[in-house]
Each structure stands twice: as structure tokens, then as C-alpha cells.
Amino acid sequence: MNLEKVIFAFFIILAATLNFGFVIGEIDNPLHHHVWEFFAAFVVNVIATVLKFGDRTQVGATHLATSLVALLQLCAAALIWALAPGGEISAETMTSIVSLSAGALMANVVSVVILIVETTLQRR
Amino acid sequence: MNNAVLVALRRLRAPIVLLVLVFAVGIVGLVLIPGTDEAGRPWRMSIFDALYFMSYTASTIGFGEIPRAFSTPQRIWVTLVIYASVIGWAYLVANLLSLAQDRAFRAVLETGRFRRRVHALREPFYLVCGLGETGTLVGRALDALGLRFVAIDVSEERVQELDLLDLAQDVPAMVANARLPENLLAAGLARPECRGVLTLTNDDQANLAVAISVRLLNPEVPVVARAMSRDATANMLSFGADHVINPFATFGEYLAIAIKSPGSHRLMSWLTGLPGTMLKPETAPPRGRWIVCGYGRFGSEVVRAFRGLDLDVTIVDPDEPTVDGLRVVRGLGTEAATLEAAGARDAAGIVAATDDDVSNLSIVVTAREINPGVFTIVRQNLRASSALFTAYDADITMVSSEIIANQCLALLQTPLLARFLGIVRNEDDAWADRAIERLQARIGAEAPDVWRVRMDSIDAPACHEALGRDDYPLALADLCRDCADRERCLECVPMLLVRGSETLVLPDEALQLRRGDTVLFAGRPAARAAQRPVLRNVNARDYAVRGIDRPGGWIWQRMTRPGGR
């Protein structure tokens, strides 16, 4: 077992699960989507991206690409949240935030799938 | 992605993750800890406010307490956050700076830059491996001829010295070992613009390695390699180097020619001279008894040349080698006694062939004291000693880097020149003198430019078209007419005409050309440029060949056409 691999897998899966936890619920109901969960998903996604830096393999490149996509979507969602008029989150705002995060969730799921495929291919 | 960026990102992973964590914890604390607004009501920062605060605090900009003055619990937390974030930030910056100082990282950056510069070369270029005395000299000569080149060398110092050469072009150069194929590829070996590889290091093994790599990686590209021994020469030729230059063997060969036919030697050295050198007066080494001081790589080649001509040779060498049939005197040759013992008093000539410049000068100075009429050949090892050798003015000064440079340029310019030189080699003195006279009368005493013209649709489309018509005779002399004033003759002379399997040396200029003929010209660079329109432009051709100054445009052509409407 390799500690580096554990940490790597941990952050990738945590990014996906936190993202999922935030997205689940009625899409326009602010009560179902907590800001802290979003914050945590965001931070963990940033860390997961940084951990993927510098891998020169093809799989590594795809890994990094999925993370960058997720991060881009979450950034857009965070921007909408920060720019919400008067700090009040309306149903429409919530809808766009959650749909953007759902997109990020897609990318995170792809990332997890790559992780699993890569692991199973490795016969060690 | 760029290699350097990848390396940087991998090295900076830890500091970046640390900074992200510090930010995250700091933001969480700032949002959770309540403050009070002007009215005394509790308020909390939004996540964005907290991020903004963290950003300007961590980077030590410190705008103050925004958006409102902080409460005491907030200030306690902020104090902790400041220390943590500034440390994290400093850690990242320190890592970044140490990365910029890192030799390995700098090498990656340099390589990337070198690759980009080679990639950006859109003109034909040569790849020079080894920037010693020879490589530098060849580089200078290529530059003088307006040819681009890329250079690699193992020594950082020599690569930096390239900048001090004051070349007209900006030469991409890299500190790298040419033995490694990847470095050759980085230097553009596989690029279509690469016209040739010159491997000129002072290490025969390295030159061999380069020759093999080129043969395997890009078989189309010709390789010119330097070799210091006959074994290495044979080895390189068997591995597919196109041309191997052994300066000592070349000099020996030239020396033999100079003794047999001084004119041929003079013509050959003139045609292969570096740009700017002048035709030298004839020097004919005498037949007679020779003394060779130093029986090393150079000395043995010289002895071989003398023996080939059945001349008597005495060898002076401190190691006293046994050479059958020759008298060997032990000693360096710098002392009068040794030279006297070797018979310097009645020798026809002396060769100072050791690998030390001071010894060589000392030998010839002593020899001239003993025998003022002796013919002196002196080997100059370092270009740095040029001033001494010029001041001494021996009959022949042998500089191996110059010999290699001359050979390289002669080979690179056109393979036909090598064929011409091969013919000159076997001609006698009188023939060579006539040839020199003919060339010099038209193009002057400066070493000429040599070029090849083929009568085909690519090289000379206008002439090719004319040669296809029955009513358009085209003589060799027509190619030497100035297309600005047809009565004026260009400063160039046809040296060789190749027609099928037939080769005509110094052909008569009245000779009629045919399609597919290849002509080797020698002349001034200006003449080469002036000849081009006659070869390529129909109007220039018509004027130069027939004296018809035809109007260029379609309307004028219609109006002046005989019998036209």
C-alpha cells in the first residue's frame, strides 16, 4: 500500500461525494443545498486538481482534464452565489447554482471511473 | 503541455495544497465567528467576503478590516490566520524561487527554449556537433556564406562563447551530449529543413555515435564527420558517414600533391578556401631529404606521404619509434644537437609535427639557424597561437581546424566540387597553372563561391524550356552573360559539365547545352545572384541570349508580336 495513492484516491472520491451531497435535493429549494457543503466540495476539488498536477501519462492528462472541468463549473456556481443580489438566494439562482454543480458532479464521476479503471488494470 | 510547466507543477504540489488548506480553514473560521455591526446586531461574513479578506491578508497586502471592524473573537481568529497563511504563502514563494535556481529545472527550461528556436527555423540549416576550434571555424564560415546552423556541445563555456563570435545570425545552441540521439532530435535532425550534420568533436567515438544516429534516424541527411585516425575513418565510413575528414591524412595527401604538382595544390587550396582568403603564391616543397620531428598522428601521415614519393625521411622523436627502413633520432628536435644529428645541415626540408606549438616553433627556428635554406612545414595546434605563427612565416603552416573547415565547406556546397578536385589531383602542374590563369583572369584572386546549375525544370526553368525548342540554341557562354547588359560577362567560369556519364573539365564556353546537363560554376557571389534571372526568367533569358528586350505585359506582347493584330 502506498500512502500517496491512498491520499490521491481519498480526495478524488471525497470531491465526488461532497459534490453529490450538495446537488441532491429539489433543484430550486435553497433549504436542500447548504452553502458549507458547497464550500467543502469546492475546496476538496481544488486539492484534487492540485494533486493531479504533473502526471505525464495519458491517463494522468485525462484525470487532470476532468478535474479542471469540475473546477470550472464550480467556479461558475460560486460566482453566481457571490453575485446574488442582496445575498438573498432566490429559487432561480439556486437552480442555476445546482445545475452547474451537477455538471461538475458529472466530471467528478468520470474522474472516479478513471480511478477505478486504472486501479483494476494495475495487476499489483 | 510544456515540459517546464509540468515539472514546476509537480514540484509545487505540496505548497499549493498547504495554502489551499490554510485558506479553507481560515474562511470557515471567518464565516462562523460572528461580529457586530454599527447597530450592535450580530453579523457574519459571507464566504466571498472571507475569501477576499484571506487573499489580501495572506499575500501581506492587508487592506484592513473589511467590510466592518472586527469583533474580538474575530480578531483572535484573524491573528492565527495571518500567521498560518503568511507562512503558507512564504513556503510557496520560497519553493518557486528555489525551483528557478535549480540547475535541473533551468536545463529543462533551456531545452524547451532551444527546441522552440529550432522549430521556428523555417530555412534550411546545418547541425553542427562540437564547438571546439574546428566547430567554431566552420560555424563562422557557414555564417559568412549565409547558411543557417544549429549547434550543440557538451561544454557550457563553449556554447556561451558562441555569443561572442559576432555572427550575423542568432544561432540556437544547447549544452548537450551529441552522443544521445534525443539531443540530436531536439536539435532538429528529423526536420525537413535539416540539410546536413557536421560532427566535429575531438572525440572519434562521439563522432562515430553521431554518424550512426543520423544514419538510423534520418538516412536522407548527409553526415560529415571528423576523425583523427585511419582506424576511426574506416569505421565511420563503414557505418555510413558520407564523408569523413581526417585532417592529418588530408594534409599528407595535399603535401604529396604539392610536391608532385604545385599548381594543382595551389588550385585546390584556393577553391576550398574559406570565404575571404586570397590565392596564395605557389609554394613547392622540394624533393630531397626531409626531417620529421614528432612521429604522432600527424607525423606518421607526413612520413607516409614522403615515402609514397620515394623521398628519404629522418624521424626525430623522443620515444624513438621503430619505423622500418628509416633512420630515427632520439630527441625532441628543439635542440641544435639533435637536429645536427638528424642531418639538418643538408636537409631539403623539415616538418615540426609535435602537438605543442612552442616546441614546433622552436624546432623550425633552430633548423633555420643551422640551415637557412631549409623548407619549413610547421603544425599549429591552437588558433590562439596564430599571432606567433604569422610572425614566424613558415613556408607551410598546417592548422588542422582550418583543413577540416575547408573540407566541410567544399563538401557542403556541392558534391560536384569534390569530383572536380579529384580530377585536379591527377592533373599535372602545367594544366593547373593554365586553369588558375583562366579562373583568375575573370574572377580575381579571392577564393570563389562554387555552385551547381542543372538544366531542368526546377533549377533553370527558363533555360529548360528553351532547350526543348529546336530553334533556340543555348551555349554555355550565354549563362555567363549579365542580364542587365548582355555585352558584359559575369565574373564566373564553368569548371565542369556533366552530361550523362560524360564529364567535361573546364568546358569550352561555345559548347551548346542540352537538357539535363549539370554545370559547376566558380565565381563571385554577385555573379551567382546575377545568373539566376537568366536561368529562371524567360524575358531575362531572351535578352541575355538573343538580345531581344521584350516587353513584359500581355498587352504589350500582343501588340509587338510579329504578324499580330
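1. In what order do the 6 strands of the open sheet in chain B lie, and is their pairing parallel or antiparallel? In this predicted model, the order is β5-β4-β3-β6-β7-β8, and the pairing is parallel. The edges of this sheet are formed by β5 (173-175) and β8 (243-245) of chain B, each of which pairs on one side only. From one strand to the next, the twist averages 15 degrees.

2. Within that sheet, strand β3 (residues 125-129) of chain B and strand β6 (residues 194-199) of chain B run parallel and are joined by 5 bridges.

3. Turning to chain B as a whole, its secondary structure comprises 23 helices and 18 strands. Of the 565 residues in chain B, 38% are buried. Among the contacts in chain B with a separation of 6 or more, 67% are between residues 24 or more positions apart.

4. As for the interface, 11 residues of chain B are in contact with 12 residues of chain A. On the side of chain B that touches chain A, at least two residues each are supplied by α1 (3-11), α2 (13-32) and α3 (47-58) of chain B, and the largest share, 5 residues, comes from α2(B).

5. The composition of that side of chain B also deserves a remark: by class, the residues that touch chain A are 8 nonpolar, 1 polar and 2 charged.

Note on methods. Residues numbered from 1 in each chain as written. Chains lettered and ligands numbered in written order. Predicted model: local features only at pLDDT ≥ 70, side-chain atom pairs only at ≥ 80, totals over all residues. Contact = placed C-beta atoms within 7 Å. Helix = DSSP H or I, 4+ residues; strand = E, 2+ residues; numbered from the N terminus. Nonpolar A, V, L, I, M, F, W, Y, C, P; charged D, E, K, R; others polar. Pairing = 2+ DSSP bridges. Axes fitted to C-alpha atoms, helices over the stretch in contact; angles between N-to-C directions. Buried ≥ 20, exposed ≤ 12 C-beta atoms within 10 Å, placed from the backbone.
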